[in-house]
Amino acid sequence: MLSMMSPRHLPFRRIAAMAVLVFSALCLRAEQATARIAPDVPTVIEGLGKGTVTLSGPWQFHPGDDLAWDSPMFNSSGWEQLTADEPWGRQGHSNLTGFAWYRCNIALTPAPGLPPHFALLVPKIRDAYEVYWNGALIGRNGKVPPGPVRKLSQPAQVFDLGPINRQAQQGVLAIRVWKAPLLSDDSGEAGGFGAAPLIGSPDAIAAAQQASEFQWLRSRQFLFAQSLLCAVIGLLSLLLWLRVPSRRVLFWTAGFAIASPAYLILLNAHLGLSYVVAMGAAQPIVIVQDVSLWFLLLWLLPLHQNRRLCRLTRILALIHVVNATLDGALIALSWNPQWTRFARIADAVSTVPSVLLEAFPLVLVSYAFFRRRQFDSARWLVAILALLDELMMEFSNVVKQGRQFTGWSIAENIDAPLFSIAGNGISLSSLAGALLFVAIMYAVFNSVRVDQRRRDALEREKVELIHESKRMRHQAEHDGLTGLWNHRAIVERLEEELLRASRERVSLSVILIDIDYFKKVNDTFGHVAGDHVLRDVSAIFTRSLRAYDCVGRYGGEEFLVILPSCAIEGALARAEQLRQAVESAHITAADTVLRVTASFGVASDFPPHCETEAVIRAVDAALYDAKNSGRNRVFQAQMDPSLCER
């Protein structure tokens, strides 16, 4: 039949076929659009009383920005519809940044007997937003451009809608949202609502906010307890290090432990800090924890005796600090539209060394295994857990980079809870981190305990050495029989006192004593009796002298006495006192009672710079005169200035 048609009819048939195809395509596209675009039908809420209602949607949604969209007269029926249960990135708008609007037409009917006064509870919206009710701005969180500000980690926000007109119990709730540009590790799924808002009476909304905050606290008991423990251990480690600075492992333990609670306070404590401030302060804290872990592994594995490895660690730590500082600055720049493109490129570039540096613990642990270090059980545990934790962290960091392009969700699976304890989700990463922390603390405790035992042993050895040194010095300077200074020591004391007397211009007296007929005592009663005589006479001298006087055994039965700050009159009187004490003493040797006497030579008022030998010669001459005069006497030396001339 087609062959019988006139050729001139063929163009019309082709045009008709093309029209049918175009019409079919338009119909198909319209069906796809109507799947997500629906009329702006109001959400009816009847009998709203003391409870709350979840505004899960559907909400009219449209990317872009126009302040006219807050008006209740604006027709948003052509907008796309999304729910408020999850971000717009999971509803077909991944990687969307900048402005977007949500609108919801609400028809409210309060319960009988209750005032038509309502409030709104917004759990979470990324990143900054403004709330409009019937065209009026009723509140904001953060600040939209220009000069955007995002509040990080804060409780659910409450906005008062005010009283509703009973005659016109319908209104439009519009939310103007701004999403910051994506960084290298952003998934691209965040943006807009994180959870559906609630509407209700002010009292019901306040109760819902308290319940939400309580649930938030309850779900983070494990995290808070871990951070509190870290803070206590960190402070104790710091105090112990300040007490003993040579224990560097305590310093790095403090840095590793304190970083966790500091990071929690900045990013997860609902303080409502701005994103730039919180992340800018968190960057150095993360670096402190990373670098502290490096040096902890150096000391615990142990590798700190390897100078090259220690030098490499210090260099990489410096590079890590500089790179993190630049990364923190890039976070601030990324919020400025003029620098967004540059910040994103620079962020991607800085990510490469950051990821490589975070893998450095793997190098340390692998090097320790390669060197076949002899570990105890605690150090083995640290090495194995550090290896596993760093492998998992490094893998997570790698897959997070550029995931808005790859769409990989492996990192979220690693961070997802494995199990829950009393409402606290425990993920694989948090479990590995907690086990590594416990292992490090146990290894540090063992290290400090072993070090303390070694120090105690060294301290005991030091005390014993000091005691032995004192004993040997005492033996070297004191006479073994009498306990007095020996010849060398008493002569050195005389030299010192002569110099002091000359320098300070004070008096100085010297007495040389000799026991009379001592040889006769040894020959008659024996040397044991002679030893008794020497000991008892020495005891008499020690008891009779001042605390700062010096007495020594000069040789044999001769004794030398030094009297600082004592003139000749006092020296003669003291010598006479000693002579009488020796003469009246009863010395018992076995069954024999002995009595002895002594002769004394006294010298004083020495010329300046008088030599020791001249003084000894002077008192020796006086002692010789005392013996020649019948013994048991005190004689004063006559100082000849020519004897003191050099």
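Guide: The side chain of N306 makes a polar contact with the side chain of Y367, at 2.9 Å. Keep in mind that this is a predicted model.

Visitor: Okay. Where does N306 lie?

Guide: N306 lies in the loop between α5 (275–300) and α6 (307–333).

Visitor: Let's step back. How many helices and strands does the protein have?

Guide: The count is 17 helices and 24 strands.

Visitor: And what share of the residues is buried?

Guide: Of the 646 residues, 44% are buried.

Visitor: Now contacts. What percentage of those with a separation of 6 or more come from residues 24 or more positions apart?

Guide: They account for 74%.

Visitor: Which helix holds W299?

Guide: W299 is in helix α5.

Visitor: What does W299 touch, leaving out residues up to four places away in sequence?

Guide: On that basis, W299 touches R248, V249, W252, H304 and R379.

Visitor: Why does W299 count as partly exposed?

Guide: Because its relative accessibility is 25%. Partly exposed covers the range between the buried limit of 20% and the exposed limit of 50%.

Visitor: How about S201: buried or exposed?

Guide: S201 is buried, because its relative accessible area is 15%, and buried means under 20%.

Visitor: Where is S201 found?

Guide: In the loop between β14 (198–200) and α2 (202–218).

Visitor: And which residues does S201 touch, not counting those up to four places away?

Guide: S201 touches G49, K50, G51, H117 and F118.

Visitor: Which residues line the largest cavity?

Guide: The lining is D290, L293, W294, L357, E358, P361, E390 and M393. The elements giving two or more residues to it are α5, α7 (340–358) and α9 (377–400).

Visitor: Which of these gives the most?

Guide: α5, with three residues. That is the helix that also holds W299.

Visitor: How does that lining split by class?

Guide: The largest cavity has five nonpolar and three charged lining residues, and no polar ones.

Visitor: On to pockets. What volume does the second largest pocket have?

Guide: About 350 Å³. It is lined by 18 residues.

Visitor: Which of them lie nearest the centre of the second largest pocket?

Guide: L498, S502, P607, H609 and C610.

Visitor: Which helix gives the most to the lining of that second largest pocket?

Guide: Helix α13 (residues 487–504), with five residues. By class, the pocket lining has nine nonpolar, four polar and five charged residues.

Visitor: Which residues are joined by a cis peptide bond with omega about 0 degrees?

Guide: R126 and D127. D127 sits in the loop between β7 (125–126) and β8 (128–133). The bond from P145 to P146 is also cis, with omega near 5 degrees. P146 lies in the loop between β9 (136–141) and β10 (151–152).

Visitor: And phi? What is the value for D605?

Guide: D605 has a phi near 55 degrees, which is positive, and D605 is not a glycine. D605 lies in the loop between β23 (598–604) and α17 (612–628).

Visitor: What about R631? What is its phi?

Guide: About 70 degrees, positive too, although R631 is not a glycine. R631 is in the loop between α17 and β24 (634–636).

Visitor: Why does R631 count as partly exposed?

Guide: Because its relative accessibility is 27%.

Key: Residues numbered from 1 in each chain as written. Predicted model: local features only at pLDDT ≥ 70, side-chain atom pairs only at ≥ 80, totals over all residues. Heavy atoms only, no water. Helix = DSSP H or I, 4+ residues; strand = E, 2+ residues; numbered from the N terminus. Buried < 20%, exposed > 50% of the residue type's maximum accessible area, 1.4 Å probe, protein only. Contact = heavy atoms within 4.5 Å. 1 Å grid on protein atoms, 1.4 Å probe; cavity = no way out; pocket = protein on both sides within 12 Å on 5 of 7 lines; lining within 4 Å. Points joined across faces, edges and corners; volume = space filled by probe spheres on them. Nonpolar A, V, L, I, M, F, W, Y, C, P; charged D, E, K, R; others polar. Polar contact = N/O pair within 3.5 Å; in protein donor to acceptor, adjacent residues only side chain to side chain.
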